[in-house]
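Please read it beside the structure.

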Amino acid sequence: METQRIIEFPHKNMDKRPRKRPRLTWDMPPPLPPPKVLPAIYCGQEFGNGGIANFSYPNNMFYRGIPCNGSPPWRPDDKDGHYVFAVGENLTPRYRILTKMGEGTFGQVLECFDNEKQEVVAIKIVRSIHKYREAAMIEIDVLQRLARHDVGGARCVQIRNWFDYRNHICIVFEKLGPSLYDFLRKNSYRSFPIDLVRELGRQILESVAFMHDLQLIHTDLKPENILLVSSEYIKVPDYKFLSRSTKDGSYFKNLPKSSAIKLIDFGSTTFEHQDHSYVVSTRHYRAPEVILGLGWNYPCDLWSVGCILVELCSGEALFQTHENLEHLAMMERVLGPLPQHMVLRADRRAEKYFRRGTRLDWPDGATSKESLRAVWKLPRLPNLIMQHVDHSAGDLIDLLQGLLRYDPAERLKAGEALRHPFFTRDHRSLNKKGMIMMF
Ligand SMILES: Nc1ncnc2c1ncn2[C@@H]1O[C@H](COP(=O)(O)OP(=O)(O)OP(=O)(O)O)[C@@H](O)[C@H]1O
């Protein structure tokens, strides 16, 4: 997400990875019966201190007494079903479009000014395509459920309102800051200090534990879907880079002023009891049981958290791949061999990645020298962490080995991870200099 503040970062040479790592379209969950939607042009629910107010309008001439003549003329959507807009115009009479904040599989997110509440909000305008409209209604259902239980609204983004406008479901959210991915990217992929990683990790796990307690599985945890609450940042000397010139010539790195974060994007969230056989998660954060077609459940979120924590420490995605065999080979390189009992149960599509049904077909099955090199250059997990972390590396490695356990039944649960010494030990006293260092 671009924000006024961090748009000024010096960040040449930073687009090593694509800006957005989208789910593939076939990763969409199979159609579920959507929650009941009012079919009116304008319909929605507003969330506020006074509780939930239902409203629906037979036509869109008036909205809470405000004349609707402030809406722009109707224009056709673009070829992908995205709403076409101009910055500065009204979305509806209530919301004025300030800027575009992001785009995803489901639609666009616009920064808007809410004339009624006199505040800036983020509005997700969902593509006018049936399957995305249905998924958006499920996301609203999940958001409502989360809002009912998230006292203080500290864990997940808060929904303010939703409505159906010109065949686009629009979800109004509180406006948050940049995503962890955007922050890393605009900082030339410089890693976060370990104490900040600990604080971010703790909050991510608390949010995941909160969702799991509600029988909800996020299924798409990644740095893009974890937003800092504030856009403010500070500049600190980057000791790692002081000794050598960096490509962007900067000896400073930016750190968020506040570590508060919230989860977003509940478009792929599922209930524990639903069908769990289809492919979930964005590639880099996808658990082995998903790739092997073994079915998945809560533990797939914990695998993603493990990958995210490594990325926050190193600045780069752990498994940078777009292909299953290479992905499994990378896992084996970093974490050791896959357990036989999982390999033997691999489904028909995944069987082909193994020789005689037991051993990964690697390096023989590699498609290119680049692929071989990409796998070969990866270090073992402890070495990878020790390259980036000085104090508390041992605790972090042990935590990651629990989160990145191949067997989902053995993987740490969110609550167990929160009780790990990486979070509970007083690491300040372990700091070499004996100083209390937050960053
Ligand atoms: N409440 C918010 N405040 C600020 N920015 C936001 C907010 N919600 C979303 N964004 C920005 O918009 C982007 C897209 O949002 P979101 O992930 O919800 O869309 P999506 O279409 O579901 O994406 P995906 O392709 O990952 O499923 C985010 O990565 C983020 O940069």
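A residue is called buried when its relative accessible area is under 20%, exposed when it is over 50%, and partly exposed in between, with a 1.4 Å probe and protein chains only. The model is predicted, so local features need pLDDT of at least 70 and side-chain atom pairs count only at pLDDT 80 or more, while totals for chains, interfaces and linings use all residues. Residues are numbered from 1 along each chain as its sequence is written, and side-chain values use heavy atoms, leaving out hydrogens and water.

**Cysteines**

A disulfide is taken as a pair of cysteine sulfur atoms within 2.5 Å, and by this rule the count is zero.

**Helix packing**

Helices (DSSP runs of H or I, at least four residues) are numbered from the N terminus, as are strands (E, at least two). Helix α12, residues 393-403, is mostly covered, since eight of its eleven residues are buried; these are A393, D395, L396, I397, L399, L400, G402 and L403. With contact meaning heavy atoms within 4.5 Å, the cover over the buried residues of α12 includes α3 (194-213), α6, α11, α13 (414-418) and α14 (421-424).

Two of these covering helices, α6 (residues 299-314) and α11 (residues 381-388), have axes that come within 9 Å and cross at roughly 35 degrees. Their contact is made by V310, C313 and S314 of α6 together with L381, L384, I385 and H388 of α11. Axes here are lines fitted to C-alpha atoms, for helices over the stretch in contact, and angles run from 0 to 180 degrees between N-to-C directions.

**Aromatic rings**

Rings of Phe, Tyr and Trp (its six-membered ring) pair if their centres lie within 6.5 Å, planes under 30 degrees apart being stacked, over 60 edge-to-face and the rest tilted. The structure holds nine such pairs. One of them joins F422 and F423 edge-to-face, at 5.1 Å centre to centre and 70 degrees between the planes, and both residues are buried. W303, F319 and Y406 form one aromatic cluster.

A charge sits over a ring if NZ of Lys or CZ of Arg is within 6 Å of the ring centre and within 35 degrees of the ring normal. The charged end of R198 lies over the ring of F422, 4.7 Å from its centre, and that of K124 over the ring of F106, 5.5 Å from its centre.
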